[in-house]
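Visitor: I'm new to this one. Can you walk me through it?

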Amino acid sequence: MEGGWGRAREVSRRVARGVADAGRATARASRATASGTARASRATAKGARKVGKATRRLTYANGADRTGLGRLIELSAGNSASDALVTVALASTVFFGVPVGEARGSVALYLVITMLPFALLAPFVGPILDRFRSGRRYVMAGTLFGRGLLCFAMAAAVGPGDLPTLFIGALGVLVLSKAFNVSRAAIMPSVLPADITLVSANARVALFTLVSAGIAVPIGAGLTAWLGSAMVLRVAMVGFLLLGVVAVRLPRHIDSPDLEEEGAAPRWRTLLKVGPAVAEAVWANVALRVFSGFLLFFLLFLVQDRAVPWLAAGAQDPFFDIPKTIALLAAAAGLGGLVGAAVANWTRNHAPQVIVLVTLAVTVVTSIVSAIFFGLWTALAISLVTAFAQELGKLALDAIVQREIGEEVRSSTFGVVEAVLQLAWVFGGLVGLVLSLSQSSLAGLVTLAVALTAALGWLLISRRKRVRATDAKLHRERAEAGGRDPQRADTLDPTKPLTNPNG
């Protein structure tokens with residue numbers, strides 16, 4: 001009996017020692033895990049601080065910290081990220097999982113509804129913003145606060161599936177987002193440092209907005225899958241409200257005094273009253289937007305219908321399936337936008353009128369080549385080039401408007417320009433939807449290549465006629481001045497060729 005109790009006690013002691021050893025090992029593992037987690041957290045925080053400092057140096061370089069351009073860049077980047085969250089949340093709520101046959105009708109309805117607010121509100125948004133030049137910070141803050149409240153309403157409508165509220169809220173967010181962009185473009189000359197050109201400043205803003213949107217999209221997609229669309233809309237709401245506070249704290253010199261006389265009639269801007277340089281840039285960008293909208297929906301539905309060579313029956317590649325093809329096309333478009341912003345910053349003092357026409361010419365050549373040799377790589381190439389041309393052309397157009405249009409009607413001009421470009425993109429998308437029914441890549445791309453070529457030819461001919469008319473007018477003025485002043489007649493040669501510095 002005593003031997004049995006001894007063995008039992010020995011076993012108990014061994015078990016106790018084993019438990020104690022396991023406890024000590026667990027404690028050591030826990031301390032090691034905690035230490036590793038702490039080190040990883042410190043490394044992550046240190047890396048985030050370094051990234052933040054590097055980003056701050058870029059946004060505040062070349063005197064941007066003194067004029068307020070750096071703060072405007074940060075505000076624009078936050079606005080772009082919040083808009084991206086709203087887009088991801090609404091896309092997963094309204095159009096996610098819709099079959100291809102039904103998606104065409106839904107997307108067409110969405111495009112038409114997108115067109116309506118700009119057709120109705122475009123004549124009023126710009127003049128309203130021009131009337132509040134002395135409070136532009138508060139106008140920008142109002143667009144941000146308004147989107148925050150709309151996100152709150154849409155988040156409440158997600159659960160019960162209240163589609164009218166979602167559509168109305170989405171339209172409100174879209175209109176207020178465009179109003180923010182118009183205000184930001186109008187104040188750019190007020191925050192322009194002496195060492196930066198307008199094209200470079202616009203490019204810097206665009207670069208950071210594209211990067212922030214590119215970061216926000218996957219984050220928003222992950223949060224949507226984890227927490228749902230309503231929560232992502234609430235996150236966007238908090239972002240908009242915080243950004244509204246940041247907008248109020250922008251430098252005061254952004255608010256310009258009212259220069260018009262009291263009781264003066266408001267001045268309205270149309271494409272017939274913006275001058276030849278601005279009109280030329282607008283029409284070139286209209287052609288680019290039509291092609292951009294067309295290409296997006298045309299390629300999307302061709303891929304969905306497997307009407308492309310690499311997805312056709314009998315030629316399917318095991319790697320390039322439908323989701324991967326769409327992801328590659330989206331990545332090419334995103335890369336093209338980033339390259340366009342970077343090139344715009346590099347061009348610096350080059351004439352923006354030339355940049356606009358060159359981007360259109362590059363798009364024409366790429367579309368012709370893609371129509372002839374259509375395949376996966378040409379589809380990626382034309383997606384990249386189209387996004388590149390759209391970004392670079394729009395930045396050059398903004399610089400032209402900021403240079404040529406007076407401050408008293410600059411917002412009105414930007415309002416008209418934004419509305420026209422949005423309508424052009426919607427029109428191109430509808431054309432792409434219709435031509436995708438033919439399931440022929442050649443027919444669609446050839447049609448748009450011909451249209452782009454005609455637009456480029458018309459712009460070049462109009463420009464040549466305008467330059468000749470300007471030269472003839474200057475010749476006449478020189479001849480008349482020489483006839484009135486004989487002492488200067490020998491210095492004025494009416495046959496000397498003249499050039500118009502503004503094109």
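Guide: A salt bridge here is a side-chain nitrogen of Lys or Arg within 4 Å of a carboxyl oxygen of Asp or Glu. The model is predicted: local features need pLDDT of at least 70, side-chain atom pairs count only at pLDDT 80 or more, and totals for chains, interfaces and linings use all residues. Residues are numbered from 1 along each chain as its sequence is written, and side-chain values use heavy atoms, with hydrogens and water left out.

Visitor: Which helices do Glu 418 and Lys 178 sit in?

Guide: Glu 418 is in helix α13 (residues 410-436) and Lys 178 in helix α6 (residues 163-187), so the pair links distant parts of the chain, 240 residues apart. Helices (H or I, at least four residues) and strands (E, at least two) are DSSP runs, numbered from the N terminus.

Visitor: Are Glu 418 and Lys 178 buried or exposed?

Guide: Glu 418 counts as buried, at 8% relative accessibility. Lys 178 is buried too, at 16%. Buried means under 20% relative accessible area, exposed over 50%, and partly exposed in between, with a 1.4 Å probe and protein chains only.

Visitor: How many salt bridges are there in the whole structure?

Guide: A search finds 7. One of them joins Asp 83 and Arg 147, whose closest N and O atoms are 3.1 Å apart. Asp 83 lies in helix α3 (residues 69-95) and Arg 147 in helix α5 (residues 136-158), so this pair ties together parts 64 residues apart in sequence. Asp 83 and Arg 147 are both buried.

Visitor: Change of topic. How many helices and strands does the protein have?

Guide: The protein has 15 helices and 0 strands. Of its 503 residues, 45% count as buried. Among contacts between residues at least 6 apart in sequence, 84% join residues at least 24 apart; contact means heavy atoms within 4.5 Å.

Visitor: You mentioned α9. How many of its residues are buried?

Guide: In α9, 24 of the 29 residues are buried, so this helix is largely enclosed by the rest of the structure. The end C-alpha atoms of α9 are 42 Å apart, which agrees with the 42 Å that 29 residues should span at 1.5 Å a residue. That expected span is 1.5 Å times one less than the number of residues. Just after α9, Arg 306 takes a positive phi of about 55 degrees.

Visitor: How many aromatic pairs does the structure hold?

Guide: It holds 3. In one of them, Phe 294 and Phe 298 are stacked, 4.8 Å centre to centre with 15 degrees between the planes. Rings of Phe, Tyr and Trp (its six-membered ring) pair if their centres lie within 6.5 Å; planes under 30 degrees apart count as stacked, over 60 as edge-to-face and the rest as tilted.

Visitor: Where are Phe 294 and Phe 298 along the helix?

Guide: They are 4 residues apart in helix α9 (residues 276-304), which means about one helical turn separates them. Phe 294 is buried at 0% relative accessibility, and Phe 298 is buried at 0% as well. Phe 291, Phe 294 and Phe 298 form one aromatic cluster.

Visitor: What does Ile 382 touch?

Guide: Not counting residues up to four places away in sequence, Ile 382 touches Phe 291, Leu 295, Thr 366, Ser 367, Ser 370 and Leu 445. Ile 382 is in helix α12 (residues 376-404) and is buried, at 2% relative accessibility.

Visitor: Last one. Where is confidence lowest and where is it highest?

Guide: Confidence is lowest in helix α15 (residues 486-489), at a mean of 48, and highest in helix α8 (residues 229-248), at 93. The protein averages 78, and 72% of the residues score at least 70. Over residues 95-100, pLDDT stays under 50. Where pLDDT is low, the predicted coordinates should not be read in detail.

How values were computed. pLDDT is the predictor's confidence in each residue, from 0 to 100.
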